[in-house]
Amino acid sequence: RSVSAFLLNRSSDLAITWEMPDIRHEDFQIAKVANPAFGPGGLTEGDSPSGKFSIKVNDVTGVFTGTDLDRDSNIVDHKVIGISYTWTNTSGKEDNAFMVASGSCYVFQDGISLNTTGSPKDSEDAGKTQNELPQYEKIDDGDTITYTAYYKLRSDSRIEIVFRDFMTQDIFVDVVYNLPA
């Protein structure tokens, strides 16, 4: 059975998935999870168990309008959320936040991982190239940066931001936000 059929046929006890599906080309609607909770909650900052970085979830920077192509190649608007992170390199070498932390971060809404997206036109990062964004810069061991990452929203439901260790799967950050009105 496909994942879509599996998710649609489960009404009360929906299996949570850590994968990030590309839902633009799907013809089905995934059921919402009324009260998703992937971790212990209330953890706004933590150190990765691997010792490579420390992360703090600062806040939601806003909900923006983004554009994308639908499955018929029409340009459509969608909502994008910006989330501000403070990242400290503790890897013992020069590194960048995107490469180190990206495999550990998941943002959930309605029980599904959200896809990352580029900077929306009305955000502070609009028009910047990848080389101009701080999360892609090389950072010395012990240095700290603050950056905003953007995620394509599925609905108006709350979101949950989870960082888990790639190797051990231990959750070390877990924050739930209601979307700004």
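User: How many bridges join strand 4 to strand 8?

Analyst: Strands (E, at least two residues) are DSSP runs, numbered from the N terminus, and two strands pair if DSSP finds at least two bridges between them. Here five bridges join strand 4 (residues 105-109) to strand 8 (residues 159-164), and the two run antiparallel. This is a predicted model, in which local features need pLDDT of at least 70 and side-chain atom pairs count only at pLDDT 80 or more, while totals for chains, interfaces and linings use all residues. Residues are numbered from 1 along each chain as its sequence is written, and side-chain values use heavy atoms, with hydrogens and water left out.

User: In what order do the strands of that open sheet come?

Analyst: Four strands form it in the order 5-4-8-9, with antiparallel pairing. Strand 5 (112-113) and strand 9 (171-177) are at the edges with a single partner strand each, so one side of each has no neighbour in the sheet.

User: Which residue stands opposite Cys 105 in strand 8, and is Cys 105 buried or exposed?

Analyst: Cys 105 lies in strand 4, and its opposite residue in strand 8 is Phe 163. Buried means under 20% relative accessible area, exposed over 50%, and partly exposed in between (1.4 Å probe, protein chains only). Cys 105, at 12% relative accessibility, counts as buried. Contact means heavy atoms within 4.5 Å; leaving out residues up to four places away in sequence, Cys 105 touches Tyr 85, Tyr 151, Val 162 and Phe 163. The C-alpha atoms of Cys 105 and Val 162 are separated by 5.8 Å, although the residues are 57 apart along the chain.

User: Which strands does strand 3 pair with?

Analyst: Strand 3 (residues 75-89) has 11 of its 15 residues buried. Strand 2 (residues 53-69) pairs with strand 3 in the antiparallel sense over 15 bridges, and nine bridges join strand 3 to strand 7, also antiparallel. Val 80 shows both pairings: Phe 64 stands opposite Val 80, and so does Lys 152 in strand 7. The hairpin of strand 2 and strand 3 has five residues between the strands, and there Ser 73 takes a positive phi near 65 degrees.

User: Where is Gln 135 placed, and what does Gln 135 touch?

Analyst: Gln 135 is in the loop between strand 6 (116-117) and strand 7 (144-152). At 8% relative accessibility, Gln 135 counts as buried. Its side chain reaches the backbone oxygen of Thr 148 at 3.5 Å. Beyond four places in sequence, Gln 135 touches Asn 96, Ala 97, Phe 98, Ile 145, Tyr 147 and Thr 148.

Terms used. Polar contact = N/O pair within 3.5 Å; in protein donor to acceptor, adjacent residues only side chain to side chain.
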